[in-house]
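Please read this report with the sequence and the 3D structure side by side.

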Amino acid sequence: MVAAMIALTLAEIAAVVDGEVVGGDTGVVVDGPVVIDGREAGPGSLFVAFVGERVDGHEHAAQAAAAGAVAVLGSRRTDLPTVVVADTQQALQRLAAHVVARVRRAGGLTVVGLTGSQGKTSTKDLLGAVLDQVAPTVATRGSFNNELGMPLTALRVEPSTRFLVLELGARGTGHIAELTALVTPDVGVVLNVGHAHLGEFGSREAIAEAKGELVECLPEDGTAVLNADDDRVLAMTARTRAAVTTFGQERAADVRVEELVLDRLGRPSFVLASAQDRVPVTLQVVGGHQALNAAAAAAAALAVGLSLPQVGAALDAVTTLSQWRMELHELPSGIVVLNDSYNANPESMRAALDALATIGADPEVRRTVAVLGEMREMGPTSDAEHAVIGAYAVDRGVDVVLVVGEAARATADGAGDRSTFVPDNEAAVAWLRAHVGEGDVVLVKASRGARLDEVAAALQ
C-alpha cells in the first residue's frame, strides 16, 4: 500500500486548497494514502478525481470508497464527502506543499531534488536506499516525476520522515521551477544534459537551461551536486547561490569513481574516493554507468551528513532498482534477459549496449541479441540518432540487432547485415522464440511507449 499522508480533517484540507466540503462532515479525517487511481486507495484515503479526455475520475469514487477511501478531492460533488475546488491539479500541489512545510516546521526533514536527461530513476533508487539505511526516507516510486507524481510523492511524508527524495522531470522550460516552487529542495542533483526530449526542447542548450532551474532554487545553505564530467552541468555552478559539490570520474571531482571494473554479468566494482576517504563498492545492479549514478547518490548523501563508509556499505546492499531498469534474469532455459525497457534515449541506449557487450565477452555466452525499439521525442534528428545506435551496436560486437517497429527502422539501417527488422512486438516474440536459446544474452530496450516490456515478459 502507498504510504499514508499525515492526518488532516476535511476542514483543514479545504482551508489549504481554498475548497468547499460538500456532502459530508468537515470533521472527517484523512489519514491514509492520497491516490489518483481508485484501485490504489486504502483505509483513510483521499481520492483525487481528475477529468481527462476519456475518463472522469469522479465516476470512480465508489471504487475508491470500496477500497477504503473516506473522501474525494475534485471539481464536483461525488457520493463521498468531497472537497470541491476550481482546479484539482493546483489543489493537489498546494496540499503537498502544505504537508511538506508542516513536517519541515516540526524539524528534521531534508528534501533532495534530482534531475537529468538520463539516470534519474536509477540514481534516485540508489540514493533512496542509502538514506533509508540511516533514517525514514520517502522517495519517488518509478518515474513518478511530473506535476502530479511529484506532489503525490511529497504527500507520503510522515512526521517521522527525515529524507524526501524527489525525482524531477521536465518537458519544457519552467517545469522544474514550477515543481521546486512547491517544495524547495535543500540539495539539488543534476546528473547530465543529454538528448532525452530533444524534440520538445529543440536543443541541448535549452535542456541545460531547464535542468539548471533546480540549482537556481536552492537556498544559500543548500548544496548543488553537479556532474564534473558534463560541461553543461558543471557550468550551472554560476547559476546557484548554494555550495557546490561535484561527482564523476574526473580527478577534480569531489566524489570520484576510480578503478572501475565489471564482472561477467556487467556489475560494477570500483572505489569511491573523496578528499577524506576511499571505500570499495560492489554494486549488484548491471551496467558500468551505474557507478557514476552511485557517485552522484554518494555526493548527495555526503551533503546531508552521511559518511563515505556509510554510503559505501549501503550501496553494496542495493539489490534492485525500479521496474524494467537493467533487470537481469537468468532463465531456466539458459537464456539471459537484460530488461531495460522502461525508457530510452541515445545515451541510455549506448550504456545498455555497453552492458550487453560486457556480458557477451564471457566465453560461456553463445550470442548477444539486442532487441531495440523506438527512442521517442527525438525531433528532426530521430532517424539519424536511431541509425547511429544501430552502428554503435555493431561496433560493440553485438551479434544480432532485432529492430522492432517502423519508427525504429533506421536502427536496422545503421546495423546493416547484423540487423533483422520486425513490424511489432508480436513478431519480435515469435522471432526470439524461434531463434534464441541456451547461452544467448538478450537485451530489450526502447522508450516506454514501445511497450517492449511485453517482449521481455514473453521471454521470461
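## A parallel strand pair

In this predicted model, strand β13 (residues 243-248) pairs with strand β14 (residues 255-262) in the parallel sense, and two bridges link them. Within this pairing, F247 has V255 of β14 as its bridge partner.

## The nine-stranded sheet

Both strands belong to an open sheet of nine strands with mixed pairing, whose order is β9-β10-β8-β11-β12-β13-β14-β15-β16. The edges of this sheet are β9 (137-139) and β16 (278-282), each of which pairs on one side only. From one strand to the next, the twist averages 15 degrees.

Helix α4 packs on this sheet, where it touches β8, β9 and β10 (163-167), and the direction of α4 makes about 175 degrees with that of β10.

## The annotated binding site

An unreviewed UniProt entry carries the annotation "binding site" for G116, S117, Q118, G119, K120, T121 and S122. Of these residues, G116 lies in the loop between β8 (110-115) and α4 (120-132), and G119 is found in the loop between β8 and α4 as well.

Leaving aside neighbours within four places in sequence, G116 is in contact with L191, N192 and K211. G119, with residues up to four places away in sequence likewise not counted, touches L191 and N293.

## The six-stranded sheet

Another open sheet consists of six strands in the order β17-β18-β22-β19-β20-β21, again with mixed pairing. Its edge strands, each pairing on one side only, are β17 (327-330) and β21 (419-422), and the twist averages 15 degrees from one strand to the next.

Helix α16 (residues 425-435) lies across β19 (367-372), β20, β21 and β22 (440-445), and runs at about 155 degrees to β20.

## Division into domains

The chain is divided into domain 1 (8-87), domain 2 (108-317) and domain 3 (327-459). Taken over C-alpha atoms, the centres of domain 1 and domain 3 are separated by 43 Å.

Definitions and conventions: Residues are numbered from 1 along each chain as its sequence is written. This is a predicted model: local features need pLDDT of at least 70, side-chain atom pairs count only at pLDDT 80 or more; totals for chains, interfaces and linings use all residues. Side-chain values use heavy atoms; hydrogens and water are left out. Two strands pair if DSSP finds at least two bridges between them. Helices (H or I, at least four residues) and strands (E, at least two) are DSSP runs, numbered from the N terminus. Axes are lines fitted to C-alpha atoms, for helices over the stretch in contact, and angles run from 0 to 180 degrees between N-to-C directions. Contact means heavy atoms within 4.5 Å. Domain bounds come from an automatic or database domain assignment. UniProt positions are given in the numbering used here, feature names are shortened, and annotations may be inferred rather than shown by experiment.
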